Amino acid sequence: MDDFKIYNWPGWPLEENPHGGDFDIEARKRMITGSQMLSPFLKKYRKNMGNIILEVGPFFNPLVTPEEFPNSQIFYWENDYHVLKYHNNKYKKDSVYPIFCDLNQIEGNSFLKLKLETQKAFKKLHLKKISFDSVVVSHVLNYIDYKLFLMVLKEFIKKDGLIFINNVVDYGLPAFFSDRRPKSIPEILKTIREIGYKIIEKETFDSPDKKHQKNKRLILVAKNNG
Ligand SMILES: C[S@@+](CC[C@H](N)C(=O)[O-])C[C@H]1O[C@@H](n2cnc3c(N)ncnc32)[C@H](O)[C@@H]1O
């Protein structure tokens, strides 16, 4: 298949791309290459990840898929309806639960709705309480109030459950950046510890292309202290 078809995602047409160079074919390729830098870490910790796994903001190329994580219950929290539809169609025969959520609305009614939708899927699995064994968050923190998100997440992740973060400060689609995004790697590390996660492994990677990504990449594996 040619690149145009591969990267011409529903709802994000390349012919009408309002983000120009921030989201052309090359930018999309860079995003996926960067996302996949988390894969070796997922492989390394696979045995400790359990079988109920949440990937937040998977877009069209999730890291957690039935192919890579057979016999797992896979949840996607995502605010893009095209992405949700795409995964609902693609994985209708698998144990994949794409759920709408706007992580900038994780208080009040919309939060309750997210909780209820997630709970519904857990009930199907005969589980009373939402409790993810592990959570994967790649290239999402720049779009949300990440401190609030990490705090709220603690309610949904089991004690000693793992969280995997892949992030580059100020990298992505500036049109959607949150004012409450992380401003530096030390800030993320401090926040993670303060909120009650224990850092198990962290690595930083120099940017392969300073023109498009000026900052270093942080990959972090942490454990929920409970
Ligand atoms: C840059 S993409 C990252 C895609 C992929 N995870 C990666 O590593 O490249 C950001 C993802 O987060 C989702 N997202 C952005 N803002 C969000 C929000 N407020 N609530 C939920 N999902 C959001 C987007 O729809 C998209 O799937």
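A polar contact is a pair of N or O atoms within 3.5 Å; within protein, one of the two must be able to donate a hydrogen and the other to accept it. The structure is a predicted model.

## W77 and its partners

W77 belongs to strand 2, which covers residues 73–78. The side chain of W77 forms a polar contact of 3.3 Å with the side chain of T118. W77 and I99 stand 22 residues apart along the chain, yet their C-alpha atoms are separated by 5.1 Å. The relative accessibility of W77 is 2%, so this residue counts as buried.

## The ligand and its surroundings

The ligand sits in the largest pocket. There are 17 residues around the ligand, and those that come nearest are S35, G57, E78, L103 and S138.

| Residue | Protein atom | Distance to a ligand oxygen atom |
|---|---|---|
| S35 | N or O atom in the side chain | 2.9 Å |
| F59 | backbone N or O atom | 3.1 Å |
| E78 | polar side-chain atom | 2.4 Å |

On its own, the ligand has 590 Å² of accessible area, and the protein covers 92% of this area.

## S35 in helix 2

S35, one of the residues that come nearest to the ligand, lies in helix 2, which comprises residues 25–35. If neighbours within four places in sequence are left aside, S35 is in contact with L63, S138, H139 and N166. One of these contacts, S138, is also listed among the residues that come nearest to the ligand. Is S35 buried or exposed? S35 has a relative accessibility of 12%, and it therefore counts as buried.

Which residues are in contact with T191, apart from its neighbours within four places in sequence? They are Y146, K147 and L150. T191 has a relative accessible area of 6%, and for this reason it is buried.

## Summary

W77 is buried at 2% relative accessibility, S35 at 12%, and T191 with a relative accessible area of 6%. The side chain of S35 also has an N or O atom 2.9 Å from an oxygen atom of the ligand.

Methods: Residues are numbered from 1 along each chain as its sequence is written. This is a predicted model: local features need pLDDT of at least 70, side-chain atom pairs count only at pLDDT 80 or more; totals for chains, interfaces and linings use all residues. Side-chain values use heavy atoms; hydrogens and water are left out. Buried means under 20% relative accessible area, exposed over 50%, partly exposed in between (1.4 Å probe, protein chains only). Contact means heavy atoms within 4.5 Å. Helices (H or I, at least four residues) and strands (E, at least two) are DSSP runs, numbered from the N terminus. A residue is near a molecule or strand if one of its heavy atoms lies within 4 Å of it. Accessible areas come from the Shrake-Rupley method with a 1.4 Å probe; for residues, only the protein chains shown count as cover. On a 1 Å grid over the protein atoms alone, a cavity is a set of points where a 1.4 Å probe fits but cannot get out, and a pocket is an open set with protein on both sides within 12 Å along at least five of seven lines; lining residues have an atom within 4 Å of a point. A molecule sits in a cavity or pocket if more than half of its atoms lie within 2 Å of its grid points.
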